[in-house]
Amino acid sequence: IESWCFVFRSGDRLSKSRVVIELIRQRQHKRTLIVCPKSVIDVWPQQFARWGNGEYVLPLGESSIKKRYQRLVQALQRQGTLVAAMNYDAFYREPLRTMIIKTDWDLLVLDESHRIKAPGGKQSMFARALRERIPYRLALTGTPLPHSPLDIYAQYRALDTRIFGNSFVAFRNRYAEMGGYLGYEVKGWRNLEELHHKMYSIAFRVTADVLHLPPAVDANRYCTLEPTAAKVYRSLERDLIAEIKGGTITVANALVKLLRLQQLTGGALKVDESDTVIEVSTAKRDLLADVLEDLPHEPIVIFCRFHHDLDAVHRVATRLNRPCAELSGRINELGVWT
């Protein structure tokens, strides 16, 4: 059994995926399970199409868990190399969970592995359960310690318990100075040099001076409207009228239709003869939360077109405990942001 953890600069999607593809090719892995954020599932087929060697890549990011399970069952009956990519919020749920456990995987890839940093989280616990069932494990992340040194424990528990053991309490007592109410508050750190040494005993870090990446990389992210919102979208697009909970929406011409469809994909529409705004979708907002969760706590600029979009950004930032300032026609908080 062998386990590696590759740590890259945040955002180096191409570099991380290329490492996985070359690893599969060199070791001739037949079945690879990739667990990643939902927003990047569709990136993996693109990278395998560019750098792979004819592997069958199965993206399991949409539809119900049961349908994803059925697609995985069918794919496992195929001959040749299989790469299955699914998101952290799905891979531990039944019936996918049982099928994953029963399958003889060669390689487990935990992409953006800081997603399992909570030792008691369901995702983290299932990743730990897979440790003894999958001989090769690989973790990829540009932010291995997003909040504190304690974040590394659960990630390494899924890789190799010989590094930091199998007890979070023992790990915490070794590297954190506890105090405060009932002794549960971290007051400081200790033995960090030892932690660093152990961490890099199976880790590799690649920095910008080695990668020689272009100054900017464009990455598209996609989301799918919920069935109810998609029905409203099709009705407006086809009939120029739609019924939603709270009222009716009509459009007078092609330009208004385009505007309303753009508002709908953002998640909200205003009903006729009223100032009432009805929320019809959270898909775009959920995608934003998924993307922001993997970005470091540094300044980020998000451009929006509608007030509802701005409100959605504020709600996501609040949920993720990130400060948020707005610069728009209704408010100027540029001084707060800078």
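Predicted model: local features only at pLDDT ≥ 70, side-chain atom pairs only at ≥ 80, totals over all residues.
## The chain as a whole

Let's start with the overall picture. The chain holds 15 helices and 13 strands, and its C-alpha trace spans about 65 × 55 × 45 Å along the principal axes. Of the 338 residues, 42% are buried.

## Helices 11 and 12

Now for a helix pair. Helix 11 (residues 227–239) packs with helix 12 (residues 254–266) at an angle of about 175°, and their axes sit 10 Å apart. Angles over 145 degrees count as roughly antiparallel, so that's the label for helix 11 and helix 12.

On the helix 11 side, the contact is made by A229, V232, Y233, L236 and E237, while helix 12 brings K257, R260, L261, L264 and T265. Sort the residues of this contact by class and you get six nonpolar, three charged and one polar.

## Helix 13

Further along comes helix 13 (residues 283–292), which is mostly covered, with seven of its 10 residues buried. The buried set has A283, L287, L288, A289 and L292 in it, along with R285 and D290.

What do the buried residues of helix 13 pack against? Their partners are strand 13 (277–279) and helix 14 (307–319).

Conventions: Residues numbered from 1 in each chain as written. Heavy atoms only, no water. Axes fitted to C-alpha atoms, helices over the stretch in contact; angles between N-to-C directions. Helix = DSSP H or I, 4+ residues; strand = E, 2+ residues; numbered from the N terminus. Parallel < 35°, antiparallel > 145°, perpendicular 65-115°, else oblique. Contact = heavy atoms within 4.5 Å. Nonpolar A, V, L, I, M, F, W, Y, C, P; charged D, E, K, R; others polar. Buried < 20%, exposed > 50% of the residue type's maximum accessible area, 1.4 Å probe, protein only.
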